[in-house]
Amino acid sequence: MNLLENKVGLVLGVANKRSIAWACAEACHRNGALQAFSYQGDRLKENVEKLAGELPESLIVPMDVTNQAEVDAAFEAIGKKYGRLDYIIHSIAFAPREALEGDYVATTRDAFRTALEISAFSLNQVAFAAAPLMKEGGSIVTMSYYGAEKVVRNYNVMGVAKAALEASVRYLAADLGRQGIRVNAISAGPINTLSARGVKNMGSMLSYVAEKAPLQRNVEAAEVGNTALFLVSDLASGITGETIYVDCGYNIMGL
Ligand code: 1JT
């Protein structure tokens with residue numbers, strides 16, 4: 001397919017080949033897009049260069065969202081290389097490890113601020129910086145998780161950050177609609193990525209979810225990638241401000 005012919009995208013959040021961001025990038029690449037990639041810190045630079053460096057006309061830029069100068073420089077480099085931007089896939093989140101276990105009530109001010117800044121505010125930041133480059137409209141997609149709306153033990157402050165992110169998607173969609181820019185979230189089922197690793201009991205959580213979900217399995221990163229492709233393509237031209245579940249149906253189940 002060639003759903004993204006002549007389109008330029010920016011993908012945030014590739015850490016390795018198992019990243020949800022990478023699955024999104026692959027789906028978009030297969031559909032003809034040119035893509036820029038951002039990474040946070042030198043630790044991830046080599047990985048991203050190895051993966052994305054092989055794609056034609058790719059651009060790899062550092063972007064630590066807590067550093068506004070770095071964000072500005074990244075968008076300047078994108079404008080310089082491509083002269084336009086059609087979509088963004090925002091697949092970054094962070095909370096200090098100790099905030100993702102134990103009692104939510106014990107979350108520190110610092111952990112709360114960090115989680116909300118990196119996981120939610122960063123979407124505003126990139127949307128604001130990208131809008132001038134999205135001259136023919138655009139599409140912004142971010143990643144959420146069920147813990148935004150129901151209590152998922154240990155997800156804690158990330159659930160609050162994802163709730164803010166999903167609300168932010170609606171407010172950004174309302175603001176940017178007049179410029180033809182759509183903003184949506186994907187609420188993905190749990191996937192064994194680098195971020196998920198180190199999460200206590202991830203293995204048993206994955207099997208619990210697989211058992212309860214209508215499709216009787218866990219979702220794959222490639223399925224999230226295909227949904228991101230749909231959302232950034234013109235096939236989704238009437239969809240904005242939504243959170244779309246890609247979770248094998250888990251969220252619809254009651255007892
Ligand atoms: C982050 C991490 C964001 C893990 C994440 C995440 N969004 C989903 N996951 C996987 C996950 C994590 C927990 C969980 C269920 C799923 C780790 C680094 C910070 C950002 O709780 C049951 C804790």
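Me: Are Tyr145 and Tyr155 buried or exposed?

Reply: Tyr145 is buried, and Tyr155 is buried as well. The word applies to a residue with under 20% relative accessible area. Keep in mind that the model is predicted.

Me: Why is Ala52 called buried?

Reply: Ala52 has a relative accessibility of 1%. The cut-off for buried is under 20%, so Ala52 counts as buried.

Me: Where does Ala52 sit, and which residues does it touch?

Reply: Ala52 belongs to helix α2, residues 42–52. Apart from neighbours within four places in sequence, Ala52 is in contact with Trp22, Phe37, Ser58 and Ile60. Contact here requires heavy atoms within 4.5 Å. Gly137 is another matter: its C-alpha is 25 Å from that of Ala52, and the two are 85 residues apart in sequence.

Me: How many aromatic pairs are there, by the rule used here?

Reply: The count is three.

Me: What makes Trp22 and Phe37 a pair, and why is the pair called tilted?

Reply: The ring centres of Trp22 and Phe37 are 6.0 Å apart. Rings pair if their centres lie within 6.5 Å, so Trp22 and Phe37 form a pair. Their planes stand at 45°. Stacked needs under 30 degrees and edge-to-face needs over 60, so this pair is tilted.

Me: Why can it be said that this pair ties parts together?

Reply: Trp22 is in helix α1 (residues 20–30), while Phe37 is in strand β2 (residues 34–39). The pair therefore ties together parts that are 15 residues apart in sequence. Trp22 and Phe37 are both buried.

Me: What kind of pair do Tyr145 and Tyr155 form, and how do you know?

Reply: Tyr145 and Tyr155 lie 4.8 Å centre to centre, with 70° between the planes. Planes over 60 degrees apart count as edge-to-face, so that is the name of this pair. Tyr145 and Tyr155 are both in the loop between β5 (138–144) and α5 (156–176), 10 residues apart.

Me: Why is Asn154 called partly exposed?

Reply: Its relative accessible area is 27%. Buried would be under 20% and exposed over 50%, so Asn154 falls in between and is partly exposed. Asn154 is in the loop between β5 and α5.

Me: Is Asn156 buried or exposed, and how do you know?

Reply: Asn156 has a relative accessible area of 14%. The cut-off is under 20%, so Asn156 is buried. Asn156 is in helix α5.

Me: What makes the phi values of Asn154 and Asn156 worth noting?

Reply: Most residues other than glycine have a negative phi. Asn154 has a positive phi near 80°, and Asn156 has a positive phi of about 50°.

Me: Where is Gly102, and why is it called partly exposed?

Reply: Gly102 is in the loop between β4 (87–90) and α4 (109–130). Its relative accessible area is 49%. Exposed begins over 50%, so Gly102 remains partly exposed. Not counting residues up to four places away in sequence, Gly102 touches Asn154 and Asn156. The C-alpha atoms of Gly102 and Asn154 are 6.3 Å apart, although 52 residues separate the two along the chain.

Me: Which residues line the largest cavity, and what is its volume?

Reply: The volume of the largest cavity is about 30 Å³. His29, Ala33, Leu34, Gln35, Leu55 and Pro56 line it. By class, four of the lining residues are nonpolar, two are polar and none is charged.

Me: What is the volume of the second largest pocket, and which residues are closest to its centre?

Reply: The second largest pocket has a volume of about 220 Å³. It is lined by 15 residues, and the closest to its centre are Tyr104, Val151, Val152, Arg153 and Asn156. The lining divides into six nonpolar, five polar and four charged residues.

Me: How do you know whether the radius of gyration of the chain agrees with a compact globule?

Reply: A compact globule with 255 residues would have a radius of gyration near 18 Å. The protein chain has 17 Å, which agrees. Of the 255 residues, 51% are buried. The chain has seven helices and seven strands.

Notes:
Residues are numbered from 1 along each chain as its sequence is written. This is a predicted model: local features need pLDDT of at least 70, side-chain atom pairs count only at pLDDT 80 or more; totals for chains, interfaces and linings use all residues. Side-chain values use heavy atoms; hydrogens and water are left out. On a 1 Å grid over the protein atoms alone, a cavity is a set of points where a 1.4 Å probe fits but cannot get out, and a pocket is an open set with protein on both sides within 12 Å along at least five of seven lines; lining residues have an atom within 4 Å of a point. Grid points are joined across faces, edges and corners, and a volume is the space filled by probe spheres set on the points. Ala, Val, Leu, Ile, Met, Phe, Trp, Tyr, Cys and Pro count as nonpolar, Asp, Glu, Lys and Arg as charged, and the others, Gly among them, as polar. Helices (H or I, at least four residues) and strands (E, at least two) are DSSP runs, numbered from the N terminus. Buried means under 20% relative accessible area, exposed over 50%, partly exposed in between (1.4 Å probe, protein chains only). The radius of gyration is taken over C-alpha atoms; the globule rule is 2.2 Å times the number of residues to the power 0.38.
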